[in-house]
There are 2 protein chains.
Amino acid sequence: MKIIEGGVCAAKGFTANGIRCGIRKNKDKRDLSLIFSEAVGSCAAVYTTNLVKGAPIAVTKQHISDGRAQAIICNSGNANTCNPNGEAVATEMAELLGKELNIKAEDVVVASTGVIGQPMDITPIANGIPELSKGLTADGSDLASEGIMTTDTVKKSIAVEFEIGGKICRIGGIAKGSGMIHPNMATMLVFITSDVAIEPSMLQKALSSDIADTFNMVSIDGDTSTNDMVVVLANGMAGNETITEEGEDYATFMKALNTITVHLCRMIAADGEGATKLLECRTFGASDKETAKTVAKSVICSSLLKAAMFGADANWGRVLCAIGYSGADVDVEKIDVDFESKAGKINVCKDGRAVDFSEEKAKEILLEDEINILIDLKSGTSEATAWGCDLTYDYVKINGDYRT
Amino acid sequence: MKIIEGGVCAAKGFTANGIRCGIRKNKDKRDLSLIFSEAVGSCAAVYTTNLVKGAPIAVTKQHISDGRAQAIICNSGNANTCNPNGEAVATEMAELLGKELNIKAEDVVVASTGVIGQPMDITPIANGIPELSKGLTADGSDLASEGIMTTDTVKKSIAVEFEIGGKICRIGGIAKGSGMIHPNMATMLVFITSDVAIEPSMLQKALSSDIADTFNMVSIDGDTSTNDMVVVLANGMAGNETITEEGEDYATFMKALNTITVHLCRMIAADGEGATKLLECRTFGASDKETAKTVAKSVICSSLLKAAMFGADANWGRVLCAIGYSGADVDVEKIDVDFESKAGKINVCKDGRAVDFSEEKAKEILLEDEINILIDLKSGTSEATAWGCDLTYDYVKINGDYRT
């Protein structure tokens, strides 16, 4: 498996584009993106678990209920949520795009991200769709990536190449992350494309099983957005024998998909609102998988620990505290905690107790921008990883006045 | 019922003191407090639900297992948690105090608050106990209050006078709050004293039932501390007929207790780490009590909403979003949201949808330092209230480098 360029256009038959159509106030910011496949493909998705759901989600669910899709349209700047005319606008986005591209409206995935509860005007989108469609190119992944960004500071993109049955296959993805990202749901916008041939049901199975250990293990601030979804579109143009069941080919595809999703998880966490550090919490020695996940998520979600990491403060008591209130059944007298980064690794807690360690060395380790928090529960063999970021002044600044 | 001065010394037979014994680095800060009752009294307590528990909790649980106590000793600056010799130190605190006051060590409640996982030296406490005890006075509530503060910026104290069976009764309390305060547990240090005569079992019943709607509905940052407890000591010196069952006297006592606890909840929330605003979230029209509580707590815990309140931004979408992911079974199409303060009241969301409102008026309302978030679920008659605060730059600053 090798990492390649191209993002969502890396796979055969995919083009993309992103333009500014005028939804956002910032005149320098693209706000409408499109991903298009030459052929109708298999499509799978997971959605937010929030009861308050963006209107596009209802429309997308309906459109891909047959497991097929050909294009993804997404705007930023307005979440199209809690509006009286939300579903009508989302449906119209798909219809207008369908007409322009000469494809079925029902084969269009619709997504929106931005502020909740503000009326959404179709006009700029309607006016933008011709330019958006005409500008589709195989180099357009970065433009599409820009168009879905909100408070993101970097584009999030990755693609890999691999083989199935002697055929060269590709899979790539782009993501929008930042605030409002919390476990137990598909909590960001992630669009993944592949030229692998795979049945819709197997694609859905692969996605659903993958996100349990990837996107559902990312937390920025514990809030759970109303609009987010992860969509995979696979058009079969790699020419491999269609994957219809579990087996070697499915396993290879799962591995490629996981490479994409883990990479995007790390990028999303590292670019959390105001974040200066990527935090990766790895739990091992757990009695079972659920315990490992519960512990890792609780630690990565602790505001107190996140603030300590911002200050490069080796306050391991907050790690222990977050494990203690996680609800997981652990033996606190067995817990070891290490902090690790490029600058080295240091043990700060052994058997649930303080150990003597060099505060200087710990500081040096925690001043790096990627920190691993390693937790050994010494009670079994299960493991889990969760991703998050530090809590900073800028998080407060960004979210203290997001709308104005 | 009337509010009176005196805090934990308002009730008959209580004295208190707070001194600096030298645990904390800050030489201007008191770090050892004592509350003493002339007579042994009924004692009830609730403790943190964190699996990682401070050593003093184990000792206190044992000491009040007979429902009796006579004194409360508490240090700040070190939580005496995750230390190899924690229980021995906590036990020694009680024994030294018992000797000094000529009371049973088993009648001493021990508490500690501060940093986790640092060795706790008994020496400054042992040296301080004589001065601490000799300085006990009926004016000492404020000194005791200062001695238990950590990052608190104001003393938290309240007392009320009421009558039971023609006898004048009093109840008062002091609290230490700030960060690490989260629902589902007794999550702060609260010491309440009363001269009411009440059986230990009825006192425990009153406290346990009260905290479900008071201290368990306060959240500062979603973290749940390892050390916190709420203790009530009632010495019977008011001379009322001992309360042994539910009835009018019990109801009167419950009402007085609730006045104390609600007041302290509001003070603790308003003084959350870095807070500039007290947030009170009131849910009504809920189908049942649990739904009302779940919704109120979810909203008060949302980092995104807390940051918006700091910025006086009427981002009601975040209220709806937090209701949506709360796990409560609500009809989102029925939800009304109002913001309210001294400056007035404004409806910002009706039937789960955007309404036209004056952003200027909303800003004026949200610039006040006590904000009510009113949520009408329009599905029943149950209500709940939760308390919290805004998320600010200073929260990050305080917690980014707490230990140094």
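B:Cys82 is buried, with 28 other C-beta atoms within 10 Å; a residue counts as buried if 20 or more other C-beta atoms lie within 10 Å of its own, as exposed if 12 or fewer do, and as partly exposed in between, with C-beta atoms placed from the backbone. This is a predicted model, in which local features need pLDDT of at least 70 and side-chain atom pairs count only at pLDDT 80 or more, while totals for chains, interfaces and linings use all residues. Residues are numbered from 1 along each chain as its sequence is written, and chains are lettered from A, and ligands numbered from 1, in the order in which they are written.

B:Cys82 sits in the loop between E4 and H2 of chain B. Helices (H or I, at least four residues) and strands (E, at least two) are DSSP runs, numbered from the N terminus. The phi of B:Cys82 is near 60 degrees, a positive value in a residue other than glycine. Most residues other than glycine have a negative phi. B:Asn80 is not a glycine either, and has a positive phi of about 50 degrees. B:Asn80 lies in the loop between strand E4 (68-78) and helix H2 (86-101) of chain B, and counts as buried with 31 C-beta neighbours inside 10 Å.

Now take chain A as a whole. The chain has eleven helices and 15 strands. Its C-alpha trace spans about 70 × 55 × 35 Å along the principal axes. For 404 residues, a compact globule would have a radius of gyration near 22 Å, and the 22 Å of chain A agrees with this; the radius is taken over C-alpha atoms, and the globule rule is 2.2 Å times the number of residues to the power 0.38. Of the 404 residues of chain A, 62% count as buried. Two residues are in contact if their C-beta atoms, placed from the backbone, lie within 7 Å. Among contacts in chain A between residues at least 6 apart in sequence, 81% join residues at least 24 apart.

Chain A is divided into domain 1 (2-270) and domain 2 (278-400), with bounds that come from an automatic or database domain assignment. The contact between them takes twelve residues from domain 1 of chain A and 13 residues from domain 2 of chain A. On the domain 1 side, the residues divide into seven nonpolar, four polar and one charged. Here Ala, Val, Leu, Ile, Met, Phe, Trp, Tyr, Cys and Pro count as nonpolar, Asp, Glu, Lys and Arg as charged, and the others, Gly among them, as polar. The C-alpha centres of the two domains of chain A lie 32 Å apart.

In helix H3 (residues 123-134) of chain A, the buried residues are A:Ile125, A:Gly128, A:Ile129, A:Leu132 and A:Ser133. They cover an arc of only 130 degrees around the axis, which puts them on the same side of H3(A); the arc is that of the directions from the helix axis to the C-beta atoms. A:Thr123, A:Pro130 and A:Lys134 are exposed on the other side of H3(A). The cover over the buried residues of H3(A) includes strands E2 (14-19), E3 (32-47) and E4 (68-78) and helix H2 (86-101) of chain A.

In helix H11 (residues 393-400) of chain A, A:Tyr395, A:Val396, A:Asn399 and A:Gly400 are buried. Seen down the axis of H11(A), these residues fall within an arc of 120 degrees, so they line one face of the helix. Helix H8 (303-310) and helix H11 (393-400) of chain B are included in what covers the buried residues of H11(A).

B:Gly317 is in helix H9 of chain B and counts as buried, with 27 C-beta neighbours inside 10 Å. Leaving aside neighbours within four places in sequence, B:Gly317 is in contact with A:Cys82, A:Val115, A:Ile116 and A:Gly117. B:Leu320 touches A:Val52, A:Cys82 and A:Ile116, among others.
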